[in-house]
Amino acid sequence: MMRAAKHLMFIALAVLSAWTPASGADERSWDDETLELFAALPVQDEGRVKPLDTYARFKLLKLNGRRSFRDADGRSGSALEWLLDCLFFPELAARYETFVIDNSEVLVVLGLPEKNRRDRYAYEELAPARERLYELAGQYGAKPGPRPLLENQVINLANNVHDFELLAAFLDFARHRFDTGGSEFLRGLIGGKDEARLSEILPKGPQLAAKFIELSRDGTRSSDFEAIGKVVHEVEEMAATSTAIALLTPADREQTEWLTPGEAIRVAFVEGQPAQAEPAPAASRLVERHGLSHAELLAGMEQLVDARSDPGAFRTKARELCSTLMGQAVSRGEYEKIPLEVAFYRLQFFYYALVLYILSFLLIAFQWLRSPKSRVGLWRAANLALVALPTVLLIAGIVMRSIIRGRPPVTTLYETILFCTAVAAVVSLFIEFVNRQRIALSVGALLGVAGMFLANKYEVREGADTMPSMVAVLDTNFWLATHVTTIAIGYGAGLLASAMAHVYVFGRLLNKIGRIGPIEAEERQRALARTVYGVLCFSLLFSVLGTVLGGIWANESWGRFWGWDPKENGALMIVLWQLAILHARRGGLIGDLGVNLAVIAGGLVIAFSWFGVNLLGVGLHSYGFTTGTFAALAGFFAVEGMVIVLGAITQRQRCAEGQKSP
Amino acid sequence: MKKAVRFLSSYELSCVLFLLLFVLTLLGTLYQVEHGLYQAQQKYFASFFLIHWLFGVLPIPLPGGYLVMGLTFVSLLLGGVIRPRKDWRRLGILLGHAGILMLLAGAFVGYEYATTGYVTLYEGESAGEFVGEHDWEIGVRETGGSEPVTEYIIRGEDFQMLRGGRSGTFYFAGIPFELMLTGYDAAPRATQEVVLPAIHAAVLPKDTGAAQERILRADSEPARVDVAGKSYAIELRRGRWPLPFTIRLDKFTRELHPGTNQPKLFRSDVTKIEAGIQQRARISMNEPLRHKGYTFYQSSWGPAGAGPNDRLYSTLAVVRNPADKLPLWSCLVITLGLTVHLSQKLLRYLKSQRAKAET
């Protein structure tokens, strides 16, 4: 994280030194074609090849807590525009309010003036406390054991600032001019000029090194020696700072790790002038590459940086460079899914699904107030369509993610949220299709809203790519497809049952208070209770299967069927709870109200197993970074506890009434 | 008797058992945060009775996991399979219950009768035995001689009951002393995942000479004694189990996701050698090697921090579980049962809805 600390100073100096007041000529603006080109630029990050657009989105989300940014003039822009600004106009990007700071105490600790809560801060504003920030983060980070929240927030901010500095310094190598005027040797080497670009220096690497060694053996500190030493040192700094994005494909096809410009600089400087094309069959794998060598690509980036203030020229250069880089990824077979992923994020399935779920919930709720006649014909079809449409969007999004990753639909905690929501919505549509009560439909729409909202919250909070690479033990599609999906179906259906049980309990409360149409209401309540029971059985089927399949998977990978690991236990608790409800109902121990209240409590068990177990921080399944989940979960438990108590009170009332009227 | 059967097969009992197991599971999960998995397992699940300290102050006696699961098995057998009427409408339920019974039985057999252990091999090494995970043995052998010597083994089952003041004395044909073992101690140490036992040993020379006392500790250097001019090593260590074949590690492969430290793949290429016949096989995460009732799983590797050219070792977990495949079969039975039952229910429900729509 805090590696290469000695280079940080250099980066900061570079960023600060680039802060000449923005001249009119440097006004940045990215036209659509340029954005299009960079969006689909393949880069390797966190173990997979992804579009630069995705990289930009999650980087901004991590630093800023939002998906868009505002520039110094208050205009908003996309994550990609922000990233391009950081790369090509770091002096402007330093003024954008990029960093979200949740806790103003962090600013107090840093001795900076604070703004409002959850306000955003520009790099420029944080820069004065930069030294202190890194110092504190280093101290806190070295402490063993769990850290208080404030210390974690300071470390987080330091990481974010570091991330920004790496982006700002990413193209420093392309901006830098090496001073060659002071040394005859250097002037001679690059054709008599007083300054040189990196692309001119790199091919001379071996000569520079040889001369440097020769001069250092001499022992005389000549001006040549000093100048060469400075150049070598500067190249080393460039190599150390240009490490944010791995966008160069390795020359060796067998190698899976892509290179950052920094790594390419180091290699190119050592290799020097590439050997003139000779027929060299032995080394053919190294020479056989598509398009340009790394050194040539680095030179291309210099030209791109030079053209930054001329949109037309910039676009032309960008087209050349991006198409070359793209071609290299294509030839390695690593480009295939890139356009799809760009499209996935552009289409914003989940955002539109959220909007539509909200709309459909409001429309259906409105009908509840109005007419009881809307259960038939066109109304019914329209109501079904209202919930079906966002559900289709949601499923389309899930399918597209599966295709992009070549994986079953659920592999991460984030994806369980999407998938469970889809399951709840589909089951509610089915129920509505069968019984036409509009209750399942309203609940389905509401769960859609809740699920999409939660997914969005989760994504923002984590601020990390939601399509990460899989650790070895998870990396088996068969088990992901069977165990994980069945468990998630069980969760989704169980939550739907719980939500519908709320309707039952509230309906009962309303009947108590208002006594509206007792006979019809009673009948509706009974039908609702039957539906809840049905959904519970459906959930149980998948919970049991998922749990047993989980055991079988564990038996395949660790040689034990059951190990009482927290997540296993969570799944088992869901199964046991649901079994207890079923048997208690069959045995006549609880009636409709009892079942519904127990199903609501079952929702709590699911929530515990789904998110609560990860908070324990032990066991094989404790994936997912879950700050703030605890508060949310505790709130959920408190509210649900109240609902259960309220529902139980209606039972007591009934008993009391029963005694009064013999 | 009838009353007892009716009680054991009642819905009331099954509900109570489900809820008890639910509570045990919850408590056992929370207990892990402070005390680790192993102790939670021992206290809540592999026990008949236990005292749970609510908030650390209020003692609550609870039946342990063994008792609850045992009763569940009986209740399930009587109430779910034997007593209910057998007809088509109950077929699904019957199958489902039978499947769960199989599962419980399989889990029990696995837990009680499986031998688990591991074998660690550097590339090129081979082994014809594996090291047990939970069982111990004491080895006694002569040292210092140049010729290979016979090692005498005392199996764990012969000394693990010598707790407290109980003692047992062991004789060996070729060894000039008797070994008296007392006070076997396998109490878990705080938050330790593995229990390391110790035992007190008195070496009593058969001819003359004073008794020598030693404490044998697991996972430490063997105790040394000199008797009748010869040196002996006595060692308390993990039990070793012979394999009916030899396994050789040819190559261990570890891949990371490019540019990260996140493991993508661990794989051991091995050769199993049996009666002179060699056969290659590949073991990776989720893809174990099964042969003659033994299953080999990719477990870990080392040495930690090895460079690209270092010789690596691979640790394979070895399990011999007579009920290895029972969970899978029971899963199929349960699936079948629940699917049949729920489809019947759903069809009936749909029919009733249609009837309702028509009236």
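**Entry 1: the A–B interface**

I count two residues as in contact if their C-beta atoms, placed from the backbone, lie within 7 Å. This is a predicted model, where local features need pLDDT of at least 70, side-chain atom pairs count only at pLDDT 80 or more, and totals for chains, interfaces and linings use all residues. Residues are numbered from 1 along each chain as its sequence is written, with chains lettered from A and ligands numbered from 1 in the order in which they are written.

I looked up the contact between the chains. It takes 50 residues from chain A and 49 residues from chain B. On the chain A side, the elements that give two or more residues are α22 (413–435), α25 (518–557) and α26 (566–586). My helices (H or I, at least four residues) and strands (E, at least two) are DSSP runs, numbered from the N terminus. α25(A) gives the most, with 13 residues. I then sorted the chain A side by class: 30 nonpolar, 15 polar and five charged residues. In this scheme Ala, Val, Leu, Ile, Met, Phe, Trp, Tyr, Cys and Pro are nonpolar, Asp, Glu, Lys and Arg are charged, and the others, Gly among them, are polar.

**Entry 2: chain B overall**

The C-alpha trace of chain B spans about 100 × 55 × 45 Å along its principal axes.

Of the 359 residues in chain B, 26% are buried. Buried means 20 or more other C-beta atoms within 10 Å of a residue's own, exposed means 12 or fewer, and partly exposed is in between, with C-beta atoms placed from the backbone. Among contacts in chain B with a separation of 6 or more, 49% join residues 24 or more positions apart.

**Entry 3: domains of chain B**

Chain B is divided into domain 1 (2–113 + 325–358), domain 2 (116–127 + 244–320) and domain 3 (131–240). Such bounds come from an automatic or database domain assignment. I find the C-alpha centres of domains 2 and 3 of chain B 32 Å apart. Their contact takes four residues from domain 2 and four residues from domain 3. The domain 2 side has two nonpolar, two polar and no charged residues.

**Entry 4: helix α4(B)**

I checked the length of α4(B), residues 91–113. Its 23 residues reach 32 Å from first C-alpha to last, close to the 33 Å expected at 1.5 Å a residue. The expected span is 1.5 Å times one less than the number of residues. Buried residues in α4(B) include Leu95(B), His97(B), Ile100(B) and Leu103(B). Gly96(B), Gly99(B), Gly106(B) and Gly110(B) are buried too.

I found a cis peptide bond between Gly302(B) and Pro303(B), with omega about -5°. Pro303(B) sits in the loop between β15 (294–302) and β16 (313–320) of chain B.

Ala228(B) is not a glycine, yet its phi is positive, about 50°. It lies in the loop between β10 (223–227) and β11 (230–256) of chain B. Ala228(B) is partly exposed, with 13 other C-beta atoms within 10 Å.

Asn286(B), also other than glycine, has a positive phi near 70°. I place Asn286(B) in the loop between β13 (277–284) and β14 (289–291) of chain B. With 17 other C-beta atoms within 10 Å, Asn286(B) is partly exposed.

**Entry 5: helix α15(A)**

An α-helix has 3.6 residues a turn, so residues three or four places apart point the same way. Just after α15(A), Gly272(A) takes a positive phi of about 75°.

**Entry 6: Glu640(A)**

I located Glu640(A) in α28 (629–660) of chain A. Glu640(A) is partly exposed, with 17 other C-beta atoms within 10 Å. Leaving out residues up to four places away in sequence, Glu640(A) touches Ile600(A), Gly603(A) and Leu604(A).
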